[in-house]
Amino acid sequence: RLPYLRELGVDGVWLTPFYPSPGHDHGYDVADYCDVDPRFGTLADFDALLADAHDLGLRVVVDIVPNHTSSEHEWFRNAIADPAHPDRARYFFRSGVDGGPPTGWTSAFGGPAWTKDDRTGEWYLHFFAPQQPDLDWHNEDVQRSFEEILRFWLDRGVDGFRVDVAHALFKD
């Protein structure tokens with residue numbers, strides 16, 4: 001339907017998250033930032049869509065979700081499986097206070113913003129659903145990884161990004 005959009009005078013399209021995701025938050029719980037969820041096709045399908053859009057003079061902006069990952073993302077699976085794994089430092093794991101979470105912060109989706117890792121007794125931060133653990137943007141590996149993720153999509157030809165939850169990336 002890209003030609004129809006062009007006929008309407010549209011000059012760009014914004015794609016909400018289309019990455020592999022378990023779907024706890026409509027794709028905003030990203031399990032792999034450099035692929036396409038099979039529900040939406042393949043990377044080849046994405047490349048074809050991008051080429052067709054550009055042939056019509058349409059720009060393509062994609063959503064990027066850097067505040068958190070899915071709890072099914074490889075980094076978080078590593079962090080939960082092995083407390084000594086370097087990926088654990090990509091997230092906020094903290095000791096609790098008096099048997100409860102580290103702070104009284106609440107999630108935007110309701111309830112506490114912390115979930116206990118029963119294996120270690122530490123708590124991890126999630127400003128949204130428990131299946132969306134927050135990344136620690138003070139960690140250089142997180143920063144470097146997202147530079148690589150953005151480069152991956154720019155090299156494919158996307159014209160820009162809409163950054164989800166940009167206001168909450170850095171936390172003290």
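Which residues do ring pairs link into a cluster? They are F18, Y19, Y33, F46, W75, W137, F146, F152, W153 and F170. Rings of Phe, Tyr and Trp (its six-membered ring) count as a pair if their centres lie within 6.5 Å; planes under 30 degrees apart are stacked, over 60 edge-to-face, and the rest tilted.

This is a predicted model: local features need pLDDT of at least 70, side-chain atom pairs count only at pLDDT 80 or more, and totals for chains, interfaces and linings use all residues. Residues are numbered from 1 along each chain as its sequence is written, and side-chain values use heavy atoms, with hydrogens and water left out.

Start with the strands. Helices (H or I, at least four residues) and strands (E, at least two) are DSSP runs, numbered from the N terminus. Two strands pair if DSSP finds at least two bridges between them. Strand β1 (residues 12-15) runs parallel to β2, and four bridges join them. Here W14 stands opposite V61 of β2. Four bridges also join β2 to strand β6 (residues 160-163), again in parallel. In β6, V61 has G160 as its bridge partner.

β1, α2 and β2 form a right-handed β-α-β unit. Right-handed means that, with the strands pointing away from the viewer, the path from the first strand over the helix to the second runs clockwise. D52 lies in this helix, α2. The C-alpha atoms of D52 and L2 are separated by 7.6 Å, although the two residues are 50 apart along the chain. D52 is partly exposed because its relative accessible area is 42%.

Now look inside. A nonpolar core is a set of buried Ala, Val, Leu, Ile, Met, Phe, Trp, Tyr and Cys residues joined through side-chain atoms within 4.5 Å. The largest one has 31 residues, and Y33, F46, L135, F146 and W153 have the most contacts inside it. At least two core residues come from each of α2 (43-55), β2 (59-64), α3 (74-81) and α4 (140-156). A second, separate core has five residues, including A113, W114, W123 and L125. In soluble globular proteins, nonpolar side chains tend to be buried together.

Leaving out residues up to four places away in sequence, Y33 touches, among others, Y19, I64, L135, F146 and W153 (contact means heavy atoms within 4.5 Å).

There is another sheet. Three strands make an open, antiparallel sheet in the order β3-β5-β4. Its edge strands, β3 and β4 (114-116), each pair on one side only. Three bridges join β4 to β5. W114 stands opposite L125 in β5.

The rings return here. The structure holds 19 aromatic pairs. One of them is tilted: F93 and Y124, at 6.0 Å centre to centre with 55° between the planes. This pair links β3 (residues 93-94) to β5 (residues 123-125), 31 residues apart. Both F93 and Y124 are buried. W137 and F146 also form a tilted pair, at 5.3 Å and 40°. W137 counts as buried because its relative accessibility is 11%. F146 is buried as well, at 3%.

Charges meet rings too. A charge sits over a ring if NZ of Lys or CZ of Arg is within 6 Å of the ring centre and within 35 degrees of the ring normal. The charged end of R88 sits over F93, 3.6 Å from the ring centre. R90 does likewise over W75, at 4.0 Å.

Methods: Buried < 20%, exposed > 50% of the residue type's maximum accessible area, 1.4 Å probe, protein only.
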